[in-house]
Amino acid sequence: MELNFYKYQGTGNDFILLDSRKKKIENPILFKRLCNRHFGIGANGVILIQNDDKYRSDFYMKYCNSDGKESTMCGNGGRCAISFANKLGILKKNKIHFRAIDGYHNGFIVKNNNLVSIHLLDVDKNTIEIHKKYVFLNTGSPHHILFVENIKEKNVYQEGKNIRFQNPYLEKGVNVNFVKILKNNTLQVRTYERGVENETLSCGTGVVASVVAACETNKIKNNMGEILIQTLGGKLWVSLKKTKNEYKNIHLTGNVNFVFKGSILI
């Protein structure tokens, strides 16, 4: 049996996109094999576009990490899903309304270039944990934030792995973000992602979590419009509004590129 697939990347976060509207695919072993960079296609995860008529959204985005297991929300994956939905003809009037594991999201494509923007869920300030050495919060996925100076010298794989596989994260895991505050409200972020179990070139929900953590600890101001974040895979922009009780109107924007399409025997 042949499986048709599309490969996309958003600031180096790469995904295998599958149109699963006519026939659902539920095979974690297959997804893990597809993501293998030596024996499969190679990717950080698999994204399935499924029908979502019952909930009246344009589609349901199911995301699985490269370990084959369904995971929580993926920001860059969501941006790639929006671009793929456009290729499938689902996108209407340049806007999309879709559902993911954490709820509903909106998105759009900036005309005449590859910029794709996604609206993420609000963050309740009461859920943000500020500790002496780190900040923990959830932006659709759980994130452990560390503010550092020597970000280039950090062994993100080893240090991130050590944190991810210790309590209180041992059972469910966590994404570990190393963040450096630069000039002009700019951040530099490197991320160890659970499920991939390695450093990735970019993490969308991690970038958003890093910005929220930096605002909440008064390391940056959120009244400067879009905040620029530098990742190993390229630039991302985050805009948000800080209120007394929450962070709202959160948008993540950056490049998305269609890499190639093909078919693979399964």
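Me: What places arginine 164 over the face of phenylalanine 165, and at what distance from the ring centre?

Reply: In this predicted model, arginine 164 lies over the face of phenylalanine 165 at 4.0 Å from the ring centre. A charge sits over a ring if NZ of Lys or CZ of Arg is within 6 Å of the ring centre and within 35 degrees of the ring normal. Lysine 87 likewise lies over the face of phenylalanine 258, at 4.2 Å from the ring centre. Residues are numbered from 1 along each chain as its sequence is written, and side-chain values use heavy atoms, with hydrogens and water left out. As the model is predicted, local features need pLDDT of at least 70 and side-chain atom pairs count only at pLDDT 80 or more, whereas totals for chains, interfaces and linings use all residues.

Me: Why is the pair of tyrosine 8 and phenylalanine 84 called what it is?

Reply: The ring centres of tyrosine 8 and phenylalanine 84 are 5.9 Å apart and the planes stand at 65°, so the pair is edge-to-face (rings pair with centres within 6.5 Å; planes under 30 degrees apart are stacked, over 60 edge-to-face, the rest tilted). Tyrosine 8 belongs to strand 1 (residues 2-10) and phenylalanine 84 to helix 2 (residues 75-87), 76 residues apart, so that the pair links distant parts of the chain, with helices (H or I, at least four residues) and strands (E, at least two) taken as DSSP runs. Both tyrosine 8 and phenylalanine 84 are buried, and together with Tyr6 and Phe258 they form one aromatic cluster.

Me: Why is the pair of tyrosine 157 and tyrosine 192 called tilted?

Reply: The rings of tyrosine 157 and tyrosine 192 have centres 6.3 Å apart and planes at 50°, and the pair is therefore tilted. Tyrosine 157 in helix 3 (residues 156-164) is 35 residues from tyrosine 192 in strand 13 (residues 187-193).

Me: What makes tyrosine 157 count as buried, partly exposed or exposed, and what of tyrosine 192?

Reply: Tyrosine 157 has 34% relative accessibility and so counts as partly exposed, while tyrosine 192, at 0%, is buried (buried is under 20% relative accessible area, exposed over 50%, partly exposed in between, with a 1.4 Å probe and protein chains only).

Me: How many cavities does a search of the whole structure find, and which residues are closest to the centre of the largest?

Reply: The search finds 3 cavities of 30 Å³ or more, a cavity being a set of points on a 1 Å grid where a 1.4 Å probe fits but cannot get out. The largest has a volume of about 100 Å³, and of the 14 residues lining it, Tyr63, Met73, Ser141, Asn175 and Glu193 are the closest to its centre, lining residues having an atom within 4 Å of a point.

Conventions: 1 Å grid on protein atoms, 1.4 Å probe; cavity = no way out; pocket = protein on both sides within 12 Å on 5 of 7 lines; lining within 4 Å. Points joined across faces, edges and corners; volume = space filled by probe spheres on them. Phe/Tyr/Trp six-rings, centres within 6.5 Å; stacked < 30°, edge-to-face > 60°.
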